[in-house]
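Please keep the sequence and the structure in view while reading.

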Amino acid sequence: MPASKFDVVIVGAGHGGAQAAVALRQQKFTGSIAIIGSEAVPPYERPPLSKDYLQGEKTFERIMLRPEKFWADKEITLLLGQAVTAIDAQAKSVKLADGTCVEYGDLIWATGGSPRSLTCSGADLAGVHVVREKSEVDRIRDELESGASQVVVIGGGYIGLEAAAVLAARGCEVVLLEALDRVLARVAGEDISRFIEAKHRAEGVDLRTGSTVECLEGEAGKVAGVRLVDGEVLPCDMVIVGIGIVPATGPVEEAGVATGNGVIVDQFCRTSLPNIYAIGDCAAHPNPYADGAVIRLESVQNANDMALTAAKAICGRPEPYVSVPWFWSNQYDIRLQTVGLSAGHDQAVVRGDPASGSFSVVYLRNGEVRCLDCVNSVKDYVQGKKLVEARVRLTADELANADKPLKVMPLEHAA
């Protein structure tokens with residue numbers, strides 16, 4: 001075991017945790033840094049797990065966030081394969097599963113979340129998987145190589161849709177189940193949902209909305225079918241569950257940090273306890289693009305930008321977190337890019353023709369541009385970001401004219 005005391009201890013080796021360590025060094029922080037990660041491998045990109053890595057198009061080395069040598073060169077200690085079980089905020093120490101205690105000057109909690117589990121019977125059968133860590137996707141790939149070909153995907157969010165696209169492209173027989181009346185219902189408008197649904201069906205996916213699972217059925221301990229509440233049984237030899245995550249707050253919450261749908265932080269990523277910060281998927285923060293509401297964002301952008309915010313605060317140069325949210329998803333030949341937050345919009349304007357495979361949806365609230373969903377329209381995404389940042393007021397007719405670039409929209413109408 002290396003030194004048991006570090007100036008900064010980062011719990012979580014995902015995007016947020018890794019970027020926090022990098023940002024500290026970029027901010028000229030010269031103290032000791034340790035990253036504690038529950039997985040036994042160096043920090044790596046998570047988005048490819050449901051895309052390129054699942055497909056087999058990228059090796060693990062190609063999705064590593066930095067070459068392994070980088071961490072040693074930057075004098076960042078990696079404590080891998082270790083889980084934090086408790087935090088003593090008064091003693092400023094964390095306890096690991098093996099009983100070791102590691103002291104800290106400042107602590108950054110960057111643990112993300114755990115995949116939400118099915119609560120029905122059969123959820124623990126072999127062949128039932130989530131897509132959150134490399135080892136889980138490795139098991140999926142092994143089963144596919146061993147002949148698994150009938151797959152039921154439960155959940156019509158980004159993870160479920162991306163996994164379904166990869167599996168369909170591999171020639172699997174795929175059924176995708178979404179309990180709500182449309183996919184991506186929590187993050188996109190209906191025009192985007194219907195376009196995505198049509199694409200999956202055209203690619204051979206049996207996509208069903210308004211479908212609720214009653215239980216999973218098995219044979220010899222392995223999943224063999226998914227029973228729906230209407231009694232239909234869908235035969236399968238693999239199930240992938242993508243129904244969201246539960247923010248990982250256990251030890252930090254038990255230490256006394258305020259929580260509520262995640263670890264509550266202020267605009268500088270500080271928790272309610274001194275010298276403890278939280279960033280990324282697990283951090284509930286006041287977001288200016290949600291009118292100051294306290295929300296969680298599950299995205300690489302949010303993890304990276306919060307990491308920089310925490311690093312600057314630790315270095316004595318605090319700057320509030322004000323980054324515009326953005327997201328992306330790749331499915332088949334679709335690249336969906338989102339900038340801003342569409343929640344609470346009162347008008348949606350379609351820009352371009354969905355039938356062409358390239359269009360955007362602009363979301364307004366009280367006349368202000370709040371968000372864009374761009375399908376194979378990088379130009380709209382890049383130019384629309386400025387409209388979202390400035391909360392420009394534009395009419396539906398102006399926005400719907402796809403022949404008029406967004407970059408020439410009147411920014412003087414900004415709120």
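This is a predicted model: local features need pLDDT of at least 70, side-chain atom pairs count only at pLDDT 80 or more; totals for chains, interfaces and linings use all residues.

How many salt bridges does the count come to? The count comes to 23 salt bridges.

**Helix α7**
- Helix α7 covers residues 190–202, which makes 13 residues, and spans 18 Å from its first C-alpha to its last, close to the expected 18 Å.
- Its buried residues are I192, S193, F195, I196, E197, K199 and H200.
- These buried residues pack against the helix α6 and the strands β11, β21, β22, β24 and β25.
- After α7 comes G204, which has a positive phi near 100°.

**Helix α9**
- Helix α9 runs over residues 300–314 and has 15 residues; the distance from its first C-alpha to its last is 21 Å, close to the 21 Å expected.
- This helix is mostly covered, as 12 of its 15 residues are buried.
- Among the buried residues of α9 are V300, M306, A310 and I314.
- The elements that cover the buried residues of α9 include α1, β1, β6, β18, β19 and β21.
- G316 follows α9, and its phi is positive, near 80°.

**The sheet of β12, β13 and β14**
- An open sheet is formed by 3 strands in the order β12-β13-β14, with antiparallel pairing.
- β12 (213–219) and β14 (233–235) are the edge strands, each pairing on one side only.
- From one strand to the next, the twist averages 30°.
- β13 (222–228) and β14 are joined by 3 bridges, and V226 has L234 in β14 as its bridge partner.

- E217 and R227 form a salt bridge through their side chains, with an N to O distance of 2.6 Å.
- Because E217 lies in β12 and R227 in β13, this pair ties together parts that are 10 residues apart in sequence.
- E217 is partly exposed at 26% relative accessibility, and R227 is partly exposed at 25%.

**The salt bridges of E368**
- E368 and R370 meet in a salt bridge at 3.3 Å, N to O, and both residues are buried.
- E368 also forms a salt bridge with R393, where the closest N and O atoms are 3.6 Å apart.
- R393 lies in the loop between α10 and α11 and E368 in strand β25, so this pair ties together parts that are 25 residues apart in sequence.
- R393 counts as partly exposed at 41% relative accessibility, whereas E368 counts as buried at 10%.
- A network of salt bridges links D291, R365, E368, R370, R391 and R393.

Terms used: Residues are numbered from 1 along each chain as its sequence is written. Side-chain values use heavy atoms; hydrogens and water are left out. Helices (H or I, at least four residues) and strands (E, at least two) are DSSP runs, numbered from the N terminus. The expected span of a helix is 1.5 Å times one less than its number of residues. Buried means under 20% relative accessible area, exposed over 50%, partly exposed in between (1.4 Å probe, protein chains only). Contact means heavy atoms within 4.5 Å. Two strands pair if DSSP finds at least two bridges between them. Axes are lines fitted to C-alpha atoms, for helices over the stretch in contact, and angles run from 0 to 180 degrees between N-to-C directions. A salt bridge is a side-chain nitrogen of Lys or Arg within 4 Å of a carboxyl oxygen of Asp or Glu.
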